[in-house]
Amino acid sequence: MAEFDPSVPSIARVYDYFLGGKDNFASDRALGDQMIKMAPLVPVITRENRQFLASAVTQAASQGISQFIDLGCGLPTAPDTLESARGIIAGARVAYVDNDPVVISHLNARVAKGNPGVTVVAGDVREISVILDDVRDGIDLSVPVCLIMGFLLHFCTADAARDLVAKYTNALSPGSLLVLSAIHVDTKGSDEGFAGYSSAVAPVYNHSIAEFASFFDPLEVLPPGVGDARIWSAWTDAAYLPQRDQYAIAGVARI
């Protein structure tokens, strides 16, 4: 697990800053402000991503899935995976996975404490066999689960993202659901913004919709399909959305 250093920005805390949270430090806010100068809609996109994830989890629970694995989950925020799932299924179980010590501390203190339905796993999502072994402490992989990679795969190259998704989904039972989202920015200065984030926190990649859609292959993508996360919030046809060059790409598929 990564060591805690408040002078170094973290993925989870910058994300928290974009959401308007308080679990961040000056270094996170400085980088966040730099990103906002390059792509002013990043905080809006981040909130839209949260709305998409809540909608996807609610849909999965409405289909009878009661187990959720949230990879690279980040700091607890409302609505989180547990809250969304339990709005439909009172006994829903969630495994939260992250490598940030601040995230793990908050999850243990604020979400998992006194709640046997929550498993907190500290680890690198790229260590797939290790993560799956730890997840099994609270999740039964012999029955369908909902696997969530929200705003995670833009930290992988396209090839690495496809490989990561394939290895995780191969370990899941038929009938499971896969939930993916990533940020896409196509504005002047976006390359500079992504480069700045990459040098300060972690490499980040600006995947196209075509690349992102390939992460689901060969799974069955569910309606309303792969595209701007806003189509999930109101089930609005993409043709009727105000056109933007900054958005969250999102989709759900069945295994």
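**Walking through the model**

User: Let's start with S10: which residues does S10 touch, not counting residues up to four places away in sequence?
Analyst: S10 touches D28, D100 and V201. Contact here means heavy atoms within 4.5 Å.

User: What kind of model is it, and how are residues numbered?
Analyst: This is a predicted model, where local features need pLDDT of at least 70, side-chain atom pairs count only at pLDDT 80 or more, and totals for chains, interfaces and linings use all residues. Residues are numbered from 1 along each chain as its sequence is written, and side-chain values use heavy atoms, with hydrogens and water left out.

User: Thanks! Is S10 buried or exposed?
Analyst: S10 has a relative accessible area of 10%, so it counts as buried. Buried means under 20% relative accessible area, exposed over 50%, and partly exposed in between (1.4 Å probe, protein chains only). S10 sits in the segment before helix 1 (11-18).

User: And A26, buried or exposed?
Analyst: A26 is exposed, because its relative accessible area is 52%. A26 lies in helix 2 (residues 26-38).

User: Zooming out, how many helices and strands are there?
Analyst: The protein chain has 10 helices and eight strands. Helices (H or I, at least four residues) and strands (E, at least two) are DSSP runs, numbered from the N terminus.

User: How much of the chain is buried?
Analyst: Of the 255 residues in the protein chain, 53% are buried.

User: Which residues have the most contacts inside the largest nonpolar core?
Analyst: Those are F52, F68, Y96, C146, I148, V179 and V252, in a core of 45 residues. Helix 3 (residues 42-62) gives the most to this core, with eight residues. There is also a second, separate core of 33 residues, including I69, I128, V135 and M149. A nonpolar core is a set of buried Ala, Val, Leu, Ile, Met, Phe, Trp, Tyr and Cys residues joined through side-chain atoms within 4.5 Å.

User: New topic: which residues are buried in helix 7?
Analyst: In helix 7, the buried residues are A158, A161, L164, V165, Y168 and T169. Seen down the axis of helix 7, these buried residues fall within an arc of 125°, so they line one face of the helix. The arc is that of the directions from the helix axis to the C-beta atoms.

User: What covers them?
Analyst: The cover includes strand 1 (67-71), helix 6 (128-135), strand 4 (146-150), strand 5 (177-185) and helix 9 (209-214).

User: How many salt bridges does the structure hold?
Analyst: The structure holds nine salt bridges. One of them joins R110 and D23, with the closest N and O atoms 3.0 Å apart. That pair links distant parts of the chain: R110 is in helix 5 (residues 101-112) and D23 is in the loop between helix 1 and helix 2, 87 residues apart.

User: And R230, what does R230 pair with?
Analyst: R230 forms a salt bridge with D228, the closest N and O atoms being 2.7 Å apart. R230 is buried at 12% relative accessibility, and D228 is buried with a relative accessible area of 11%.

Definitions and conventions:
Salt bridge = Lys/Arg side-chain N within 4 Å of Asp/Glu carboxyl O.
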